[in-house]
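Please look through the sequence and the 3D structure shown here before reading the notes that follow.

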Amino acid sequence: MSDKDSADVSRRKFLGFAGAATATAVAGCGGGGGTETGTDEPGGGTDEPTDEPTEPGETATERPEPETRDGYLQRANRVAHEQAPWVFLNRQYSVYGKSDDIEWQARADEFIDAYAITPANDDGDDVVINQSQMDSGLDPQDHRATPTDNIVMQAYEKLLDRDREGGILESLADDYSRQENGRVRFHIRDGVSFHSGDNLTPEDVAYSINRIVDPEVGIASPQQDQLAGVTGAEVVDGERAVDVMSSGLNPIVFSLFASYGPIMNKSWVQSNEGSYINQNMDGTGPFVLETYEQGVEVVFNRNDNYWKEAAEISTLTMRASSESSTRVNSLLSEESDIIVNVPPQEVSRVEQNDSSSIAAAPSTRVIFNAMRYDVEPFDSAEFRQAVNYAIDLESIVENVLSTFGDQTGQPTLDGYFGYNGDLDPYPYDPDQAETLVEESGYGGVEVELHTPVGRYLNDVQIAQAVAGYLDDLENVTASVNQRDFQALASEVTDGDIETSPHWYLLGWGNTTFDASQTLIPLLTSDGNLTSWSNEEFDRLVSEAQSLPSEE
Amino acid sequence: MSYGRFLLKRGLQGVVVVWGVVTIVFMLRFITPGSAVDAVAPLDASPELRERIAEELGLDQPLYVQYLDYLWELLQGDMGYSYISGIEASQMVFSKLPATLELAVVSSIIAIGLSIPLGVISATRRHEPADYAATTFSLVGISTPNFWLGIMLILLLSVQFGIFPTSGRAFGFAEAFRILLNQGPGPGANAMWQWLRHITLPAVTLGTYFTALITRLTRSGMLEELGQSYVRATRAKGLPESMVRYKHALRNTLIPVITVLGLQLGTLIGGAVITESVFAWPGLGTTLINAINARDWPILQATLVVIGSGFVIVNLVVDAIYAYLDPQVVAE
């Protein structure tokens with residue numbers, strides 16, 4: 001979009017406000033994955049120092065002070081686990097249907113990386129991917145949706161990238177380092193060219209970053225908040241490098257550039273109108289746009305001049321069907337090679353078919369029940385723990401989610417920076433739950449769980465199971481209140497904790513693969529969506545944010 | 001009342017109806033739970049950010065100001081911009097209109113082509129096997145939900161036998177025709193074939209209810225007309241039976257059929273929502289579903305206003321034809 005489209009720009013400024021993690025929380029979008037450099041075992045191990053065994057009954061506050069950011073985040077997760085501000089439920093899975101004509105594995109960040117597809121036979125050379133939605137324009141910096149990313153990021157690339165599990169990889173930057181607080185340097189790879197033939201330069205990179213973070217450069221990009229804290233970029237004199245500036249330390253800056261920030265061709269962008277950029281592409285990626293029909297189909301050819309080895313498949317076609325059964329039928333009749341979001345009831349059809357199978361991967365979304373710390377009976381940590389003990393999480397994952405979920409016992413997901421590998425999910429122990437309810441002094445209480453309907457996979461069924469287990473306790477009565485998501489969200493997100501329901505189900509996607517992007521908004525006292533306030537937890541998160549991730 | 005005055009009166013009534021549709025559609029967002037800001041703002045947005053978003057969207061204004069602004073912009077042809085993609089709502093909606101119209105027209109052609117002969121056969125062979133077959137068909141057709149029919153047709157004819165594609169729209173008819181003109185009969189025939197293969201199942205799905213309805217209407221109309229004294233007179237006059245049936249009875253039967261046809265065409269445009277969704281047909285229905293899922297109010301409003309206006313226009317045309325065919329309507 002160019003400056004000339006001023007009406008469009010003014011109408012769209014609000015899109016620039018969208019927060020990084022939120023698109024995923026709301027729409028189930030993916031982003032990137034992985035941990036910062038220097039963590040071979042992301043999130044694994046104890047919250048340091050590691051030589052201290054955990055004694056039963058020992059609390060986080062009695063442990064020695066952590067020394068690193070990872071340690072602080074792990075400790076914060078331990079506090080959350082012990083104090084149980086949530087009913088820890090599950091990590092959802094992304095479930096795909098895949099044709100046997102191709103070999104492909106799903107990624108944690110929900111990006112369908114067509115470059116990683118290998119043909120299994122001659123029919124697998126031309127690949128069709130069927131999503132739930134088409135793109136909202138082809139400008140890679142002018143959207144905020146996973147279906148659009150799945151289309152545009154076949155042709156565009158970022159400075160850094162992620163592997164399938166979420167680890168950080170070099171991409172258009174072949175080296176990166178922290179220069180000082182608030183300044184990091186990316187060395188730009190040589191020998192990379194855009195599809196138009198122009199060579200990639202540091203000017204292109206600096207311009208692309210500034211086009212995202214600075215509304216004065218071209219567009220009011222809705223991706224501004226994805227590069228949280230980044231204030232601008234400049235070319236380093238005499239070097240093939242770009243410096244990126246942030247306000248403050250920005251401990252997760254490399255993680256952000258591994259998930260976000262597509263690089264565009266400065267001269268191509270500047271010489272074309274916004275509507276042209278939204279219907280054409282000039283990236284450096286493994287696929288070149290062949291035809292574009294808005295809302296219908298996008299067709300790519302393999303980029304034979306790619307800076308890495310050319311993709312193994314020849315053509316890639318992206319289509320969409322909003323109905324899941326339509327997608328499944330297109331897979332079964334061999335019109336599609338990959339389909340997204342196969343619902344549990346359709347899984348057996350895909351698996352029983354001779355020429356297709358299911359490909360699933362843990363997503364970046366955690367599903368939980370928040371319990372407001374300031375109201376009865378949830379002001380009691382014993383009561384909150386009791387709710388966690390009362391629930392047979394294993395059974396919920398197996399029966400409600402058809403095993404396409406992982407049990408959780410802390411706010412941060414496995415594989416994320418700051419994940420505490422020592423914390424197991426609460427075991428199913430209704431006797432312990434009843435005892436804790438009595439200890440809390442709230443025996444005989446009635447509680448109501450508010451849940452959105454159809455927002456997350458089988459959300460109502462999960463809520464009904466949770467309330468059912470709690471209701472089975474002799475000293476608690478529980479029920480479910482089914483709510484419209486927007487109505488529930490407006491109560492939770494209005495900045496006033498007192499308007500939030502006392503107990504509610506929500507999902508949260510965090511595409512940075514860093515614990516802070518879950519802990520800060522949802523559990524710190526000042527978080528915009530918080531349901532909890534705990535001084536020790538706030539302190540640990542604050543300490544974590546004052547340290548760099550990569551050390 | 002003259003014919004011109006009749007049309008003017010109907011036209012004005014149509015304008016009032018469209019205004020009513022616009023108003024109801026606009027008010028919908030205020031009676032559904034949650035604010036439009038919640039659909040746009042990130043979940044973790046600060047209260048200040050929400051205020052800024054509301055300001056940008058004009059949602060901080062009093063309701064009547066928002067409404068008048070919307071009406072004024074609509075009068076100028078401005079339907080607003082998508083909250084999600086920023087694309088002009090009118091561009092987004094009107095670009096999808098041809099696919100929906102094409103589907104509605106083809107399903108109408110299928111329906112008319114089948115239903116009128118079926119209705120006539122059924123009426124003229126009353127209580128014979130052909131009549132029973134036609135009435136059974138129309139009963140089943142009217143009772144079958146089209147989303148179920150669509151899925152069954154896909155499972156049988158696409159997944160099982162591979163005759164038709166499961167979904168999508170390869171070419172618009174105009175595009176296929178252009179290929180025929182520009183690139184010759186080879187590619188042209190192929191494009192036309194692809195067009196036909198893609199549109200057949202959705203058109204049959206959408207047209208089945210319509211076929212059943214018109215069959216019943218034609219049958220009962222024919223039976224009524226065949227019992228009229230003028231039919232006896234024409235027979236007495238010695239006219240061949242085919243002339244009696246098709247020139248006289250059928251012609252009179254068609255007047256109410258045309259009214260229903262018109263009404264149903266309007267319903268087809270709006271009612272294609274589910275069929276389009278089942279077949280991933282890139283028309284207004286799919287756009288509407290996507291807009292509802294995303295709470296993209298400008299697109300939702302634009303789609304509903306276009307569908308509503310389409311309904312009104314079709315009705316107006318039907319009224320005009322009906323009045324032309326039957327001058328008593330104008331006199332009344």
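In which helix of chain B do B:Arg245 and B:Glu241 both lie, and how many residues apart are they? Both lie in helix H11 (residues 241-278) of chain B, four residues apart, which is about one turn of the helix. This is a predicted model, in which local features need pLDDT of at least 70 and side-chain atom pairs count only at pLDDT 80 or more, while totals for chains, interfaces and linings use all residues. Residues are numbered from 1 along each chain as its sequence is written, chains are lettered from A and ligands numbered from 1 in the order in which they are written, and side-chain values use heavy atoms, with hydrogens and water left out.

**Chain B as a whole**

- The secondary structure of chain B consists of 14 helices and zero strands, where helices (H or I, at least four residues) and strands (E, at least two) are DSSP runs numbered from the N terminus.
- Taken along the principal axes, the box filled by the C-alpha atoms of chain B is roughly 85 × 55 × 40 Å.
- Chain B has 332 residues, of which 48% count as buried; buried means under 20% relative accessible area, exposed over 50%, and partly exposed in between, with a 1.4 Å probe and protein chains only.
- B:Gln301, in helix H13 (residues 297-325) of chain B, is buried because its relative accessible area is 2%.
- The side chain of B:Gln301 makes a polar contact with the side chain of B:Arg29 at 3.3 Å; a polar contact is a pair of N or O atoms within 3.5 Å, and within protein one must be able to donate a hydrogen and the other to accept it, while residues adjacent in sequence count only if both atoms are side-chain atoms.

**Salt bridges**

- Over all chains, the structure holds 24 salt bridges, each being a side-chain nitrogen of Lys or Arg within 4 Å of a carboxyl oxygen of Asp or Glu.
- In chain B, the side chains of B:Arg245 and B:Glu241 meet in a salt bridge of 3.3 Å, N to O; B:Arg245 is partly exposed at 24% relative accessible area, and B:Glu241 is partly exposed at 30%.
- In chain A, A:Arg183 forms a salt bridge with A:Asp243, with the closest N and O atoms 2.8 Å apart.
- Because A:Arg183 lies in strand S8 (residues 183-188) and A:Asp243 in strand S10 of chain A, this pair ties together parts that are 60 residues apart in sequence.
- A:Arg183 is partly exposed at 21% relative accessibility, whereas A:Asp243 is buried with a relative accessible area of 3%.
- A:Arg183 and A:Asp243 also belong to a network of salt bridges that links them with A:Arg185, A:Glu234 and A:Glu239.

**Helix H15 of chain A**

- Helix H15 (residues 485-492) of chain A is mostly covered, since six of its eight residues are buried, namely A:Phe485, A:Gln486, A:Ala487, A:Leu488, A:Ala489 and A:Val492.
- At the start of H15(A), a side-chain oxygen of A:Asp484 comes to within 3.1 Å of the backbone nitrogen of A:Ala487.
- A:Arg483 forms a salt bridge with A:Glu491, with the closest N and O atoms 2.7 Å apart; A:Arg483 counts as buried at 14% relative accessibility, while A:Glu491 is partly exposed at 25%.

**Backbone features in loops of chain A**

- Most residues other than glycine have a negative phi, and most peptide bonds are trans.
- A:Asn250, which is not a glycine, has a positive phi of about 50°, and this residue is found in the loop between strand S10 (241-246) and helix H6 (253-259) of chain A.
- A:Asn250 is buried, with a relative accessible area of 9%.
- A:Thr403 also has a positive phi, near 70°, and is partly exposed, with a relative accessible area of 48%.
- A cis peptide bond, with omega about -5°, joins A:Glu376 and A:Pro377, and A:Pro377 lies in the loop between strand S15 (356-371) and helix H11 (381-390) of chain A.

**Another loop residue of chain A**

- A:Asn420 lies in the loop between strand S16 (405-407) and helix H13 (430-440) of chain A, and is buried with a relative accessible area of 0%.
- The side chain of A:Asn420 reaches the backbone nitrogen of A:Asp422 at 3.0 Å.
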